[in-house]
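Open the structure in your viewer and keep the selection tool at hand. We will go from stop to stop.

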Amino acid sequence: MSNTTGDIPLQQLVLKIHSRCDLACDHCYVYEHADKSWKTRPVVIGEETVRQVARRFAEYARSHKLSSVTVILHGGEPLLAGPARIRSLCTEFSSALAGISELDLRIHTNGLQLSRRHLDVFREFDVMVSVSLDGDQAANDRHRLDRRDRSSYDRVLRAIDLLRDPEYRHLFGGLLCTVDVENDPVVVHDALTSLAPPRIDYLLPHSTWDSPPPRGSSGSPTPYADWLLAIFDRWTEQGRTVRVRTFDSVLSTLRGGPSLTEAMGLAPSDLAVVETDGSFEQADWLKTAYAGAPATGYNVRDHDFERFARHHGVQARQRGLLGLSETCRACPVVESCGGGLYGHRYSSARDFDNPSVFCSDLRALVEGIAERITERPLSPAVLGPAALRSAQQEQDFALLDYAGARLAGHPDWDAVWRELTRLDADADTARHLNRVLSHPYVRLSLRQAGPAGSSTARFAAATVAAAWHARTPIRLAWHQADPDLHLPTLGTLTLPAPGRVEATLAGHELDVRTADGTRFVVGDQPTDVWRPLTRISVSDTKQLLVDDADPLRAVFAAPVVAPLAEGALTAFGDLLRTACKLRAEQGPEDDDDDPNALRVGAVTPLVAGSELQLDTEGLGGLGVPVDFRPLDLVRELPRLGRRARLAALRATTDLHVPGNRAGRLFTEAVEGLADLAYRGHRSPGGEQALARAGRALDALAALPDRELTETGRELLAQLREERAARAVGA
């Protein structure tokens with residue numbers, strides 16, 4: 001989480017391109033709430049304003065070295081701007097950001113005006129389209145009528161049918177549904193999933209303490225939690241084949257991962273809004289608070305994005321835990337809830353220093369999901385290293401299946417999926433696929449699969465790498481958005497420019513061709529454009545992979561270094577060899593039997609002067625400063641191994657109900673035993689570590705039975721046994 005302000009770059013821009021709408025939804029935050037500024041703004045954004053916004057945003061992206069940015073076309077109803085104007089706008093942003101940042105263009109629409117002319121423009125610029133729909137016709141027509149009080153339902157379905165056409169399917173971003181607790185939640189969800197969207201966003205109706213949300217007729221103190229949990233149960237019953245952002249976010253934060261939505265979690269805001277007149281605004285759902293709430297007084301003619309980012313209102317939404325009310329900071333589910341959406345905290349008495357007006361619902365939702373997902377039976381992963389590795393591999397493939405379901409329909413993905421399936425079907429090639437999928441940064445790709453284009457490119461490269469290791473023929477083509485084509489576990493090929501690539505493997509050489517016909521031949525040896533990764537021999541059968549080039553390797557608390565020059569890489573490898581020799585001199589390693597032995601998937605060089613550390617995702621990466629001392633690494637191994645085992649167990653099974661205090665106690669117990677292993681039980685520090693571990697273990701043992709799973713109780717028994725043995729040794 002972030003507890004500082006002003007250090008979070010803006011990466012999302014909501015651009016209002018039309019300020020009127022062809023629907024008259026009675027829950028609309030633009031037209032039906034306190035702020036009426038839309039009446040004074042131009043109906044359509046002007047071409048000069050678009051140029052200024054694009055130029056300013058590109059300047060900001062360049063100064064902050066942003067690898068990617070998102071521009072969301074919004075309104076009113078943005079399709080009313082017309083295909084020609086939208087095409088001109090997309091061209092302006094694509095041109096301005098070319099060579100600076102990868103541009104992710106999106107549009108949020110009610111769908112009424114959607115036509116093939118629009119979709120042809122969107123296909124040209126890869127614009128992802130999200131459509132608002134509140135469920136079946138009865139649910140949708142409660143609020144989403146046009147200005148003649150007519151149903152919009154059939155017209156929206158026609159738009160969605162167009163999006164589901166094979167030539168446009170890859171542009172379908174998902175459905176946006178505003179929650180009404182008077183609608184049947186399962187009927188709503190089934191109606192939406194029947195349209196096969198890649199994602200559904202269930203949105204709480206924008207409300208404040210001064211204008212609280214309708215609570216429905218059920219009499220429940222938590223009607224919104226009840227409604228969403230009914231859908232969660234149905235979603236789980238269906239196999240979770242459709243992404244639901246609220247649920248995905250809660251599942252992520254309960255497991256220690258990032259928030260996936262500004263509506264929940266402690267992730268800082270990275271969003272700017274520009275209105276049709278060029279005015280900078282904060283998130284426009286603030287219009288529900290009071291007239292002028294989103295206003296900043298800035299505009300793109302006189303101010304840049306840097307100035308906007310320093311606005312006190314923007315920074316207030318970047319303060320993480322420190323930006324929440326005292327009630328929220330003391331709440332056990334704050335990591336998942338995050339105080340709710342900023343605008344929902346408003347009251348005229350205390351401004352935004354309140355919990356969300358949905359506070360009780362958000363807590364009940366998080367706790368309800370936590371209880372539902374807890375895996376209570378004993379997992380073999382806690383019983384030994386081999387079982388833990390097997391559990392990790394099972395999870396790798398489960399995540400791959402999940403990513404595959406989300407990416408289905410992208411023009412290149414089907415070919416990638418066929419090759420992945422082929423590699424997995426044969427025992428010999430499957431072990432090489434496992435090898436690539438278990439690489440720490442490929443595992444991270446599986447967890448964080450994002451836009452179809454970038455994810456498809458990443459998985460295509462990983463598939464080619466697996467085929468390389470297996471020495472099996474393969475041919476794949478995809479759009480490569482970065483000139484550095486990185487093949488996980490293998491190395492990096494520097495292309496002349498981003499664009500279409502085709503990779504063909506036959507024998508021991510990989511042939512890569514670009515759209516202009518340029519051909520590169522990649523082998524085991526480096527060339528001017530091919531830089532293979534380095535492997536350090538640890539023993540006759542084991543090697544360490546030094547990965548200083550993977551684009552996803554920046555998962556450590558300390559900064560990673562740029563790919564090392566030949567001399568620096570040789571020196572770093574020599575230090576690792578010395579460390580391995582020192583470790584061997586201490587006696588034989590029982591890695592196969594010792595649950596606390598450190599198993600490293602990749603060693604990534606960190607900046608000089610930093611500490612040895614595991615990757616923050618706990619996926620098998622080890623960060624090592626370029627100037628480390630070999631003896632320090634050897635001394636740290638017992639401590640790092642214990643931390644890594646706990647991280648791996650947490651990633652593959654449940655030790656306790658997610659989000660409760662047992663998680664902190666397990667961390668304290670393992671850290672105490674890890675420090676004890678590092679310092680030795682006869683040192684003063686060792687005695688303190690022994691006592692610290694004992695207090696945490698006693699507190700775990702005193703928890704109510706339902707708070708720990710069978711796996712958690714087994715781990716607790718193992719840790720208590722280890723502490724007892726060390727106490728006797730002391």
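Which residues form one aromatic cluster? Select Phe57, Tyr60, Phe280, Phe305 and Phe308, and you have the cluster on screen. Keep in mind that this is a predicted model.

**Stop two: a pair of rings**

The structure holds 14 aromatic pairs. For one of them, select Trp413 and Trp417. Their ring centres are 5.8 Å apart and their planes meet at 40°, so this pair is tilted. Stacked would need planes under 30 degrees apart, and edge-to-face over 60.

Now show helix 15, residues 413–425. Both Trp413 and Trp417 belong to helix 15, 4 residues apart, which means about one helical turn separates them. Is Trp413 buried or exposed? Trp413 is buried, with a relative accessible area of 1%. Trp417 is partly exposed, at 29%.

**Stop three: Thr463**

Move to helix 18, residues 452–470, and pick Thr463. Thr463 is buried, and its relative accessible area is 0%. What does its side chain reach? Look for the backbone oxygen of Phe459, at 2.7 Å from the side chain of Thr463.

Then display what Thr463 touches. Leaving aside residues up to four places away in sequence, its contacts are Val416, Glu419, Leu420, Leu423, Ile474 and Leu476. Val416, Glu419, Leu420 and Leu423 fall within the 413–425 span of helix 15, the helix from the previous stop.

**Stop four: charges over rings**

Select Arg471 and Trp468. The charged end of Arg471 sits over the ring of Trp468, 5.1 Å from the ring centre. Next, select Arg639 and Tyr678. Here the charged end of Arg639 sits over the ring of Tyr678, and the distance to the ring centre is 3.9 Å.

**Last stop: His344**

Where is His344 found? Go to the loop between helix 12 (334–337) and helix 13 (359–373). His344 is in a loop, yet it is buried, with a relative accessible area of 4%.

Finally, draw a line from His344 back to Trp417. How many residues apart are His344 and Trp417 in sequence? They are 73 residues apart in sequence, and 42 Å apart in space, C-alpha to C-alpha.

Methods: Residues numbered from 1 in each chain as written. Predicted model: local features only at pLDDT ≥ 70, side-chain atom pairs only at ≥ 80, totals over all residues. Heavy atoms only, no water. Phe/Tyr/Trp six-rings, centres within 6.5 Å; stacked < 30°, edge-to-face > 60°. Helix = DSSP H or I, 4+ residues; strand = E, 2+ residues; numbered from the N terminus. Buried < 20%, exposed > 50% of the residue type's maximum accessible area, 1.4 Å probe, protein only. Lys NZ or Arg CZ within 6 Å of the ring centre and 35° of its normal. Polar contact = N/O pair within 3.5 Å; in protein donor to acceptor, adjacent residues only side chain to side chain. Contact = heavy atoms within 4.5 Å.
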